[in-house]
Amino acid sequence: FFFFVFFFFFFFKQKTAYEMLRSLVGSEMCIRDRHLIGQFIEWVADISNCLNSDAWRGEDVMGIFFNEFNRYKKKSESGQVFTPEHITDFMYRLLEVNKNDRVLDATCGSGGFLVKAMANMIREAGGSYTKKAKAIKKEQLFGIEYDREIYALACANMLIHKDGKTNLEQMDAKTEASGKWIKKQGITKVLMNPPYENRYGCMKIVENVIDNVPVHTACAFILPDKKLEKASKAQMKRILSHHRLKKVIKLPEELFNAGVTTSIFIFETGVSQDDKDILLVTCKQMGLPL
């Protein structure tokens, strides 16, 4: 498994999903590369067979690989912090996602929230070999990722789950173009852990998402505890005049080993905050140590 990580990140570095596929069939490929690709495909097929059974519980295989890779290097690249599996499952249950929902993650990383949603929705639908399972994979999961390499990782993740038609797009989630794309999808639930640094435009991403999903959409974001306080007054006035913050669930400290304390912020879109109550909850411990 660890060799798989190194192979993926160094052989496919600087390549888009399309370029990756071209690399597989390129006539200029040397014999050694063809042999390595052959081994890679065999390993992916073995992993895929395991994941596409009813025993699969929604573990984000690519996210696990990436986290192990970064742990080995003692650092995280490009501000990428992937969401632990028990947190994706917790947020799925918090929003009461069901088999008929249309789920969006506009900063999808390796696809952790999407594969968790896929697994739980398919299990509710009766298993991997039902017609509903095919519809879930093809029509009900939506993701955006800005980083080209991580986007390729998400595509590979979905391909491993025999899902080549999931709606994944490489674009900037804070732009007008991404907002228009989101608006077309008829989203019913949002599960996200956007990058926290200001240079990535965290709150711009949040605002762009909640402004472009339908009214009454439940949206859950993992954000630094003080992110809303540090946002400009003008921005927060815009957000809360159009959307309601319903719940804040404070997560255990150093959950992501990034020196940031975080909470889950749950919004209902299209309903102004006014004087409505906000439920505040503190989780002192959850899941297993990372």
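Asp 89 and Arg 93 both belong to helix H5 (residues 85–94), where they stand 4 residues apart, about one turn of the helix; helices here are DSSP runs of H or I with at least four residues, strands are E runs of at least two, and both are numbered from the N terminus. The model is predicted, so local features need pLDDT of at least 70 and side-chain atom pairs count only at pLDDT 80 or more, whereas totals for chains, interfaces and linings use all residues. Residues are numbered from 1 along each chain as its sequence is written, and side-chain values use heavy atoms, with hydrogens and water left out.

**Exercise 1.** Determine which residues are linked with Asp 89 in a network of salt bridges.

*Solution.* Apply the criterion, a side-chain nitrogen of Lys or Arg within 4 Å of a carboxyl oxygen of Asp or Glu. Asp 89 pairs with Arg 93, the closest N and O atoms being 3.3 Å apart. Asp 89 also forms a salt bridge with Lys 116 at 3.9 Å, N to O; this pair links distant parts of the chain, since Lys 116 lies in helix H6 (residues 112–125), 27 residues from Asp 89 in helix H5. The network consists of Glu 85, Asp 89, Arg 93 and Lys 116.

**Exercise 2.** Decide whether Lys 116 is buried or exposed.

*Solution.* Buried means under 20% relative accessible area, exposed over 50%, and partly exposed in between (1.4 Å probe, protein chains only). Lys 116 has a relative accessible area of 2% and is therefore buried, while Arg 93, at 52%, counts as exposed.
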